Amino acid sequence: MWLVAWAGGVTATTETAAEALLGSSAGLVCDLTPAIPGDHVSLVIWYREDEDAPVYTYDVRVGNAGLVPVPATSMAMLSTVGGSHWADRSLGDRAYMRVTPTDAKLTLDPVQADDEGTYRCRADFRRSPTKTSNVNLTVIVPPREIVVTDDSGNPVKNGVTMQYAEGASASLSCVASGGRPLPRVSWWRNGLQLDDTDTVSSERQRTRNVLHIERLSRRDLLTVYLCEASNSQTQPPLQVPIAIDMYLRPLDVRLLGDNMPLSAGSVHEISCRTHGSRPPANVTWYKDGLSLGAETRDIIAEDGNSTTSILSLKPLASDSGMTLQCRVHNIRIPNSELRDTWMLHVLYKPEVGLTLGASLNGSNIREGADVYFECHITANPWVHRVAWTHDGRRLVNNVTAGIIVSNQTLVLQSVSKTTSGIYTCIATNTEGSRDSNPIHLDVKYEPVCGKNPQRVFGAAKQEQVSIECKVDANPVASIFRWTFNNTASSSVNIHTFSVEDGGGRSILTYTPHMDSDYGTLLCWGKNALGSQAIPCVFHIVPAGRPDPPHNCTTSNRTHHSFAMTCTRGFDGGLRQRFSLLVRDERESLVLNVTSGAVPEFTVTGLEPGREYRAMGFAYNEKGWSRGSVPIVVATMPQPNLHEQRRSTAPTTTVTVSTGAWPYVALGLVVTLLLAGILGGLAARRDGLCCARTRPIEGAAEVQDVEAKSRQRPTIEPKSFSIASGGMLPPEEAADPDLILLTTGDPYCQHAYGAYTISTGSSAGVLNTCLPPCLATATTSSINRHNPKRNCATQMPLRPYHVTWGPDIQIHDELPVASPPPPPAELCVESIRRNVQTQTQPHPLPPPQPQSPAPPAAGHKESSV
C-alpha cells in the first residue's frame, strides 16, 4: 500500500463522468489545481473502484521520499522528463497520462469493455492539501444490426419496400439487436422525428419500433424513411434508410390539339396523352361507345411519367356528330379509369368567285377613280381567312395607301397606273385554300416620263446626238412635243423628230452649232386622256474630258497587293472609264490597271516592303482627265527574305544597294546616244524618246520637270539644255524597236505646256506632250548580252515590242485594249533634235480629237 502523510488534511472529492465507444480512446481527467497559489503537484495516483492498489502513478518527488514501494512484480516504471510514470499490467501500454499545471489526463486507448467503472485520482502537493477526483467511465457498445420488415413480415431488401397502391396503408417494423446499454429505436423523415415509441426486450437484447402510415399519397413515392438506433449522446446512431415503392393512378387524360373539323376521306392523326400513372397507363379508343380497331401507336416518355397514344383515323361523312373517346387506366389499381371526348365534324374546301363592283365599267376605269371587288364564298365550315392578291403579291389593309380590306370586299381608293394588274381572292378554312377566278384591272392614265437611261448628253459643236424620250401612258401616247431652252433665250419649239410606231417613244436628232445651242430639251407626250403634265428633261452640255477621280482610299493591303477605291468626278457629258497608274520609289511605272465604270482597282504583283505611288485617271471619248492626288501605299514587309528591286537603269535586276548608281549613269549615256540617233530622223518625223532623269556629267542636263509636272500644268515653256550630238547611225535608224513619238497634240500642250530646247547659242521651241515612252538600247550602244527593256518597268522586251503614245503606229498591228496614256510626270523626256536645221519654233498642228491609246507596259485589267 501507498502510505502518504500530510499535516494539512485532505480536500473534498470531485465527481465527473466520461463516455467512450468500445475500441476508441477514453480520457479520465484529474484536477491538479493547488489550494495554495504557486504550489506544485508532487504525486498523482489513480485507483479503480474501491481497490487500494493503484493502477497508475506519476511521481515527481526527489528520491520518492515518503512513498511505500510497490513490489516490482506488479508494476512497470516509465521514466520521463520531470517525473516517473508507472502503470498496472491490467492497463499495460494502453494507458498514458499527460500532465499540465492544472490537470492530469489519463488516456486509455483502445478502450475495452471491462474498462468500465469508477476511477479515483489522488493528487498530493508540496504544500497544499491533497485533492481527490472520481471519474465514472461508461464504455458504449453499439447495436449489432437493424432489420426492417414490411406488412408481410418480409425483410426490406435493397432499401426499397414492396409496391403499395396509392391510397393504401403501410406498416414498417424496425428491430435493433445488441448494444450496451440497449439502444432507443425511432423513425425519421426529412430530419423530423415521426415515432420514438419503442419496446425493449431485455432477455433477447432487442428493441422494436413499428411505423404506421395511413393512406399513402403520391408524395410518399420513393420517400425515404429512416430507422435509427442510438445508445449514446456522444456517439452517432446506427441508421437504415427505407424508400416506399408505390403504384400510382393516372392524373389526367387529354386529346391533344384543337377539335378541328376533319376532311372526309383523308387520314388524320389524333393524339391522346396521359400523365402520372405508375406503371404507364393503358390507352384505348372508342367511337360512339364502340371500341375502334384502327391503327394506334403508343409513345412512353423516358421517365415513364407520361404516355401518348396516336390514332390514325379516316373519317366518313356519316361520322359527323359522333363522339371520339380516349380512355386510360392503371391495371394495378381498380377504378382508376379517366376519359376525354371530342365531337367529330366533317368539312370540305371553300368554293370562291370574284366579281368587280356592279356599278363599275371595267373597260373605262381612269386614274383617280375608286374601285371595289367582291369575293363570293361557299364553305363548310365557314372560312377563317380571306386573302387578296395583286399580281401574286399579298395585299394588306393600308388606309393611307388607299387599300381597304374588309372580309369579302376589297376597296381601292384613287387608283393609279401602279394599281393595274391581276387581282384574286383566296378563301381558307380548315380543309384548305382555294383561289378565285382572276380579274384584270386596267387603269387608264395620262402620259408620264418613263425610264430614260440617259439624261445628260455631251456633244461637241457640229456633233450630232440622238435623244430618246420614253413616256408611260394608258392608252399609249401617240403625240409628242419637243422644246429647247437655255439661259439666254426663251423656249423654242422643235418640230423635227420621230415617233415610234405604236407610240410611247420619240427620238430627236440634235446638233449644236454654237454656244447658245447648249441647254435643256423638254419632251411631252399626249394620249386620249390628255397631255403630259411634267415633261421629260434632257441636258445638252459641251462634251469634254472628264474630271479626275477624287477621295481615293486604300484597303486590303498585303505583301504583294492592295485595293483602291475613288469617287467619280464629272464625266464630261460622256460615259467614262477609269485607270490607275502605279509607280515605285524611283518613279518608274510598275502597273497600269484599268477599271470599268466604277473607280475601284485591285493592284497585284507588287514586291513586299516597298512604297508605291498610285494616281487615278478618268477618260471618255474626248480624252483623259488630269491625274488624281497621288496616294503613297507601302506593301507589308516579308520577314527573312532577301528583297530585290528592279533597277531603273537598262541592266539586269540587281540587289538594291549604293552600287546601282553606275548602272543608272550607264542608262543615261545610252539614252543620250539614242537621242542622237533620233536627231538624224527629225527632218522627216518629229519624235521624242524617253530617258531617265539622273543627271550625268557631260550629257544632257535635264531640269526638274518631274517636280513641276506634279503641279497643275500651265502653258509656260520649259527649257532643256541639250548637248550637241551626231546623227543616228544607219544600223540604229533601221531598228524597228525605236519608235518616235508624234508631236503637236493640242491637249498635251494645254495640259503640260511647251518645252524649250537650247543648244548653245541657238534655241527653238518644241510643242509636245509627255506620254510614257520606250527607251530601248541597240547592240551598238550597250552590251550585246543585255536585252532591251521598257523604260517604265525595266522588263525585257520581246521582239517588235509595241510602245504607245499619241499618233504612234503599231508595227505588228496586234489588237490591243485602250487604257489611258499616263501623264507627263511618269518619265522625263530627253529631247534630241537636229538644231542645225531647226531655227524656228515648231508650228502647232490644228487641234484634233484624240482617242484612247494602246496599253503601256505592265497594263492589266482590274477585277472590280
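The S-S torsion between Cys174 and Cys227 is about -75 degrees, so this disulfide is left-handed. The sulfur atoms of Cys174 and Cys227 are 1.5 Å apart. Bear in mind that this is a predicted model. Cys174 has 0% relative accessibility and therefore counts as buried. Cys227 is also at 0%, so Cys227 is buried too.

Strand E14, residues 184-189, pairs with E18, residues 224-230, in the antiparallel sense, and five bridges connect them. Within that pairing, Ser186 has Glu228 of E18 as its bridge partner. As a reminder, strands in a sheet pair through backbone hydrogen bonds, and the pairing can be parallel or antiparallel.

Back to the cysteines. How many disulfides are there by the sulfur distance rule? The count is seven, and I will describe two others.

One joins Cys30 to Cys121, with an S to S distance of 1.9 Å. The torsion about that S-S bond is about -80 degrees, so the disulfide between Cys30 and Cys121 is left-handed. Again distant parts of the chain are linked: Cys30 is in strand E2, residues 26-31, while Cys121 is in strand E9, residues 117-125, and the two are 91 residues apart. Cys30 is buried because its relative accessibility is 0%. For Cys121 the relative accessible area is 0%, so that residue is buried as well.

The other joins Cys469 to Cys523, S to S 2.1 Å. A torsion of about -90 degrees about the S-S bond makes the Cys469 and Cys523 disulfide left-handed. It links strand E41, residues 465-474, which holds Cys469, to strand E46, residues 519-527, which holds Cys523; the cysteines are 54 residues apart. Both Cys469 and Cys523 are buried.

Next, the nonpolar cores. Which residues have the most contacts inside the largest one? They are Leu28, Val44, Trp46 and Leu137, in a core of 27 residues. Strands that each supply at least two residues of this core include E2, strand E3 (41-48), E9 and strand E10 (130-140). E9 gives the largest share, four residues. Leaving aside residues up to four places away in sequence, Leu28 touches a set that includes Ala18, Trp46, Leu106, Tyr119, Val135 and Leu137. Another core, of 21 residues, lies apart from this one, and among its members are Val352, Leu354, Ile365 and Tyr423.

Last, confidence. The chain averages a pLDDT of 74, and 71% of the residues score at least 70. Over residues 641-659 the pLDDT stays under 50, and the model has 42 contacts there beyond four places in sequence. Residues 681-864 also have pLDDT below 50, with 379 contacts in the model beyond near neighbours in sequence. That is what I have.

Definitions and conventions:
Residues are numbered from 1 along each chain as its sequence is written. This is a predicted model: local features need pLDDT of at least 70, side-chain atom pairs count only at pLDDT 80 or more; totals for chains, interfaces and linings use all residues. Side-chain values use heavy atoms; hydrogens and water are left out. Two strands pair if DSSP finds at least two bridges between them. pLDDT is the predictor's confidence in each residue, from 0 to 100. Contact means heavy atoms within 4.5 Å. A disulfide is a pair of cysteine sulfur atoms within 2.5 Å. Buried means under 20% relative accessible area, exposed over 50%, partly exposed in between (1.4 Å probe, protein chains only). A nonpolar core is a set of buried Ala, Val, Leu, Ile, Met, Phe, Trp, Tyr and Cys residues joined through side-chain atoms within 4.5 Å.
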